[in-house]
Amino acid sequence: LFYVEGTEGNGMRFCDWAARNHTEDRCELDVVSWQCPITCKVPCIDTDGSGVMIGAAVATQNVEKDSIPERAIITVSVFGLVGLIGLVGYAVKRNKDRDDHLEEVQDDWGGSLGLEPRVFDEGIPN
């Protein structure tokens, strides 16, 4: 990610911006050719005589491949999140069903014995 003066928006660009349209014109900008040596096909050069080469060939040597593609990580994460939401929903429904069943059983027992539900808030009688 680098800044290209005079472009729309906030001016922040990636190398795919240079590759997408008008690549040759965009690569003529020093900031673009410096940041995107592979896209701009910058030849390897020894800038200060130190033997340290910069350019497209060196850049491709230093690029490490991801062992797991980004798309796979995102896909697995989304499925995991959906599964977690489903599991929580199932647990909530199961608890509600259990509570509803418990209320039915309490109503049935109290009604068959002719008892009214009582609440013992006053404490234990003497």
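## Exposure and the model

A residue counts as buried under 20% relative accessible area, as exposed over 50%, and as partly exposed in between. The structure here is a predicted model. With a relative accessible area of 38%, D97 is partly exposed.

A search of the whole structure finds three salt bridges. D97 belongs to one of them.

## D97 and K93

The partner of D97 is K93. Their closest N and O atoms lie 2.9 Å apart.

Where do D97 and K93 sit? Both are in helix α5, which covers residues 70–112. They are four residues apart there, so about one helical turn separates them.

## K96 and D100

K96 pairs with D100 in a salt bridge. Here the closest N and O atoms are 3.0 Å apart. This pair also belongs to helix α5. K96 and D100 are four residues apart, so they are separated by about one helical turn.

Is D100 buried or partly exposed? Its relative accessibility is 29%, so D100 counts as partly exposed.

## R98 and D99

Which side chain meets R98 in a salt bridge? The partner is D99, with an N to O distance of 3.6 Å.

How accessible are the two residues? R98 has a relative accessible area of 53%, so R98 is exposed. D99 has 37%, so D99 is partly exposed.

Terms used
Residues numbered from 1 in each chain as written. Predicted model: local features only at pLDDT ≥ 70, side-chain atom pairs only at ≥ 80, totals over all residues. Heavy atoms only, no water. Salt bridge = Lys/Arg side-chain N within 4 Å of Asp/Glu carboxyl O. Helix = DSSP H or I, 4+ residues; strand = E, 2+ residues; numbered from the N terminus. Buried < 20%, exposed > 50% of the residue type's maximum accessible area, 1.4 Å probe, protein only.
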